[in-house]
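Here are a few friendly notes to read with the structure open beside you. Take them one at a time and find each residue as you go.

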Amino acid sequence: MQINLLFSIDDHFTNQLMTTIYSIYLNSRQNNHYTVYVVQETQLKRHVELTAFFNYLGIDYVPIILGANAFKGAPVSSRYPRAIYYRLLAHEYLPTDIDKILYLDADILCINDLSSLYEQDISDYLYAAAMHTDMLKLTGPINKIRLDSDVDYYFNSGVLLMNLNKIRQEVSAEDIFNFIREYRHQLLLPDQDVLNKLYGENMLPVSDALYNYDVRKDFTYQMQGEGQWSLDWVLANTVFLHFCGTKKPWLTDATTKYATLYKYIRQQLEKLLASQAIDLVTD
């Protein structure tokens, strides 16, 4: 099966991108073929190493270099950097013959095959995404009030399955720019707020326990799952572990069980790269 993946990184995240990709490779069905589109403002400094890495794995690597003038008419500031538009307006720079793509943040670890998410039928939706579980179930209602929205969910945009055909017809750069200008003082997570406010009614909810497991909320999952979402269940069923927040698993002092798993995959990646004479730079 052809699977298209989308990332947006700068030079500080090449190691993390390779770790995420390697985890996908390790847990992939044999008949999956991946094309990875990586959005970058200027060509990444480690372009040669990334190309060698993808070639070794048999994955097509397509750098998309937008340049400093991309989205020239967009409202941009320290709070709203140009990068927030990279996933909101992906349809404007991706090839027109692609009808579906899965966007992933680069702080994600794949621990089971992702085909079940990619195969979701979103023909009637713009996107598929998950709302992160919270103990008091207040995330949806609070953000519904804050954004004056009719949608009960507040979707996390770190894992976002995109129906590009429908998006090309219904998602407008002008609508997004106007919304940001009008609500600029109310937005907390700009790109995520825009997706939820403008397009939340056109998003298919999927399980975060399966497809966007927020590792910060492990205790909450255990409580709400009433014992079902144990560590063994997560390892057997969850597709993506998402290391949201500031406690990233590649940091030296990261010692949680999921950070340990991340470090193990990272270590295996280092051995692979060393065998191919590809350097993994120090964070």
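1. Which residue in S10 is the bridge partner of Tyr 213? The partner is Leu 241. Please keep in mind throughout that this is a predicted model. The two strands involved, S9 and S10 (residues 240-242), run in the parallel sense and are joined over two bridges.

2. Next come the aromatic rings. The whole structure holds 11 aromatic pairs. One of them joins Tyr 85 and Phe 177: the ring centres are 5.3 Å apart and the planes meet at 85 degrees, so this pair is edge-to-face. Tyr 85 belongs to helix H3 (residues 85-88) and Phe 177 to helix H7 (residues 173-183), so the pair links parts of the chain that are distant, 92 residues apart. Tyr 85 is buried, with 0% relative accessibility, and Phe 177 is buried too, at 11%.

3. Compare that with another ring pair, Trp 250 and Tyr 262. Their centres are 5.9 Å apart and their planes are 50 degrees apart, which makes the pair tilted. Trp 250 sits in the loop between S10 and H12, while Tyr 262 is in helix H12, so the pair ties together parts 12 residues apart in sequence. Both Trp 250 and Tyr 262 are buried. Ring pairs also link these two with Phe 13 and Phe 243 in a cluster.

4. A ring can have a charged neighbour as well. Lys 100 lies over the face of Tyr 118, at 5.3 Å from the ring centre.

5. Finally, follow helix H1 (residues 14-26). From its first C-alpha to its last, this helix of 13 residues reaches 18 Å, close to the 18 Å expected at 1.5 Å a residue. How many of the 13 residues of H1 are buried? The count is 11, so H1 is mostly covered. Among the buried ones are Leu 17, Met 18, Ile 21 and Tyr 22. The buried residues of H1 pack against strands S1 (2-8), S2 (33-40), S4 (100-104) and S5, and against helices H2 (47-57) and H12.

Notes:
Residues numbered from 1 in each chain as written. Predicted model: local features only at pLDDT ≥ 70, side-chain atom pairs only at ≥ 80, totals over all residues. Heavy atoms only, no water. Pairing = 2+ DSSP bridges. Helix = DSSP H or I, 4+ residues; strand = E, 2+ residues; numbered from the N terminus. Phe/Tyr/Trp six-rings, centres within 6.5 Å; stacked < 30°, edge-to-face > 60°. Buried < 20%, exposed > 50% of the residue type's maximum accessible area, 1.4 Å probe, protein only. Lys NZ or Arg CZ within 6 Å of the ring centre and 35° of its normal. Expected span 1.5 Å × (residues − 1). Contact = heavy atoms within 4.5 Å.
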